[in-house]
Each structure stands twice: as structure tokens, then as C-alpha cells.
Amino acid sequence: MHGKTIVITGATSGIGEVAAIHLAQQGARIVFTARDKARADVTMAKLRAANAAAAHAVHMGDLSLLADMKRLAGEIGQEPRIDVLINNAGALFYARRETRDGLERTFALNHMSYFVITNLLLPKLKRDARIVSTSSGAHRRAKLDFSDLQSCRGYSGLPVYSKSKLCNILFTRELARRLAGTGITANCLHPGFVATRFGDQSGGIGSLLVRAAKPIAGISPEEGARTILYLASSPEVANVNGEYFYECKVAGPTAEARNDADAKKLWDVSAQLAGLG
Ligand SMILES: NC(=O)c1ccc[n+]([C@@H]2O[C@H](COP(=O)([O-])OP(=O)(O)OC[C@H]3O[C@@H](n4cnc5c(N)ncnc54)[C@H](OP(=O)(O)O)[C@@H]3O)[C@@H](O)[C@H]2O)c1
């Protein structure tokens with residue numbers, strides 16, 4: 001990865017931070033986003049320790065807000081080239097809240113940030129670039145109801161999170177279709193159930209359950225980051241496009257996640273919501 005520039009969201013914690021540090025150790029320069037200055041400083045110190053020769057960079061913003069997604073993409077878009085884009089920031093919320101854009105916040109953060117950042121950075125991705133998006137096996141519980149994308153009816157944290165992770169796979173599918181023949185690839189992954197900070201701030205009883213389950217059933221962030229690293233750097237997947245991976249292997253997502261009509265529709269609706277033509 002020597003000399004490569006890797007953009008990653010959600011690198012201040014968990015599997016994103018581990019992936020960023022490993023890629024820096026392999027020689028990459030890391031450009032990451034953060035919303036908390038203190039956590040950004042800690043991650044930056046780790047990246048410098050991993051690869052002091054590279055001028056790693058951080059851009060601050062809240063990825064649940066359309067204005068911040070666009071500003072961050074504009075700032076990162078000043079990079080002369082981007083070799084790998086890793087969409088990874090995400091969260092689960094047990095209470096429904098809308099962002100100032102009128103979007104349900106899980107949908108905004110987990111899906112719209114991937115959509116907006118990727119679309120606005122596409123001009124900087126050249127032949128051989130890779131787009132890697134962190135989805136989840138939680139998508140298996142989800143169906144997409146276009147009449148209630150913002151989950152106004154009967155909100156429940158886990159189903160809404162699962163729906164956003166289904167969106168990640170549908171987004172990757174349509175993106176891969178659009179990228180066919182360009183030499184740029186787009187793939188997504190399930191990292192496994194990983195003992196990160198994930199769920200700690202989700203609120204409610206669900207948060208307590210996730211916290212309790214992590215030490216028992218969770219894999220380490222090192223293990224959880226393996227498939228991200230594989231998709232970002234392995235020559236084995238240089239020409240693989242539009243797939244969903246688990247444990248560094250192509251896995252079969254649900255029929256809902258393989259619905260091309262839904263993938264196209266989600267793309268069009270997302271472009272409209274984001275005000276991207
Ligand atoms: N852990 C699991 O079991 C699991 C399973 C399947 C999929 N995933 C997915 O893996 C990805 C990474 O999660 P993780 O397990 O590593 O969790 P994590 O430790 O909580 O890390 C989440 C990252 O996203 C960032 N983030 C959250 N909300 C943000 C916002 N509004 N604006 C900007 N950045 C924001 C966090 O920043 P802060 O440091 O500021 O909080 C952090 O860097 C997520 O997409 C998650 O859905 C996780």
C-alpha cells in the first residue's frame with residue numbers, strides 16, 4: 001500500500017481505526033473523518049506511530065448531516081487522488097430522531113453518508129481504485145419499504161439499523177453496476193459481531209444487551225477489521241465488483257439485498273434526498 005491514499009470514515013474507533021492503522025503500517029497515507037477532536041487526536045497519534053513518513057490528515061464533521069457530508073467530501077476532494085475509499089462510520093439508535101435535514105438519523109448516518117461521500121469523491125477515484133463499504137449480517141432481518149424509508153411507523157432500533165445495512169448492500173450493488181468497465185470496484189462486507197464501542201451509546205435496554213453480549217460473543221476489532229483490510233488491499237479481489245463479503249470470502253446476501261430494481265430506486269431516492277442531480 002506504499003504511496004497510496006486511503007480515505008476512511010469512522011476511523012476513530014473499532015474496526016475502522018484498526019483497519020486504518022494496519023493500512024498505515026503497510027505504507028499507506030490515511031485521510032480520515034472524525035466528529036470528536038480528542039478521539040481524532042488519539043487516532044492521529046496512532047497513525048503517526050504506524051507510519052511517520054506519511055502526511056496523514058483528518059477532517060472534522062458529523063456524518064449524519066448532509067451539509068457536513070458535502071463539506072467533508074469537498075475538503076477531501078482536494079486530494080490529488082484517492083486509491084481506496086472505505087465507508088465505515090455507523091451506529092445503532094434505540095430512539096427515533098430526525099436530523100435537521102428531516103432524515104431519520106440511522107438512515108442518514110449509515111446510508112446517506114456512504115452515498116453522498118462516495119458520489120462526491122468519485123471524480124478523484126481513478127482506474128484500480130476500490131470502494132469498500134461496511135455493511136452487516138443484520139441486513140438479513142430487513143426489508144425495504146420505500147413508503148417509510150424514514151421509519152416513521154413503529155420505530156425500533158435493531159430493525160431500522162438492519163434496514164440501513166441492507167441499504168449498504170443495495171447501494172454497493174447499484175454503484176458496482178454503474179462502475180462496470182471503469183476499473184474501479186465497489187464491494188461491501190459483514191465484519192462479524194465485534195467487541196467495539198458499537199452499541200454503547202445506542203440507548204435503552206438494547207444497549208445494555210449489546211454491552212453484555214460483546215465480551216461473550218464478540219470477536220476482537222483486529223479480527224473484525226480483517227475483511228475490510230482484505231478488500232482494501234488484497235490483489236485477489238482487484239477485479240471483484242459488487243459482492244458482499246464475510247470472513248474474506250464472497251457471501252450470499254438475502255434476496256432483498258440482490259433486488260436490482262430496489263437498488264436502482266434507492267439510488268434515485270437518495271440522490272433526490274441529497275440534492276445530487
Ligand atoms: N461491531 C459490530 O458488531 C458490527 C457488526 C456489523 C457491522 N458493524 C458496522 O461496522 C462499522 C464500524 O462500527 P464499529 O463496530 O467499529 O463501531 P464503533 O467502535 O462505535 O465505531 C464507529 C465509528 O463511526 C463513527 N461515527 C459514529 N457516528 C458518527 C457521526 N454522526 N459522524 C461521524 N462519525 C460517526 C464513530 O466516531 P466516534 O469515535 O466519534 O464515536 C466511530 O469512529 C459500522 O458501520 C457498523 O454498523 C459493526
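How far is an oxygen atom of the ligand from an N or O atom in the side chain of S13? The distance is 2.6 Å.

This is a predicted model, in which local features need pLDDT of at least 70, side-chain atom pairs count only at pLDDT 80 or more, and totals for chains, interfaces and linings use all residues. Residues are numbered from 1 along each chain as its sequence is written, and side-chain values use heavy atoms, with hydrogens and water left out.

| Residue | Part of the residue | Distance to a ligand oxygen atom |
|---|---|---|
| S13 | side-chain N or O atom | 2.6 Å |
| I15 | backbone N or O atom | 3.0 Å |
| R197 | polar side-chain atom | 3.0 Å |

Alone, the ligand exposes 890 Å², and the protein buries 96% of that. Such areas come from the Shrake-Rupley method with a 1.4 Å probe.

Helices are DSSP runs of H or I with at least four residues, and strands are runs of E with at least two.

A salt bridge puts a side-chain nitrogen of Lys or Arg within 4 Å of a carboxyl oxygen of Asp or Glu. E256 lies in the loop between strand 8 (249-251) and helix 9 (260-274), and K143 in the loop between strand 5 (125-134) and helix 5, so the pair ties together parts 113 residues apart in sequence. The structure holds 14 salt bridges.

Definitions and conventions:
A polar contact is a pair of N or O atoms within 3.5 Å; within protein, one must be able to donate a hydrogen and the other to accept it, and residues adjacent in sequence count only if both atoms are side-chain atoms.
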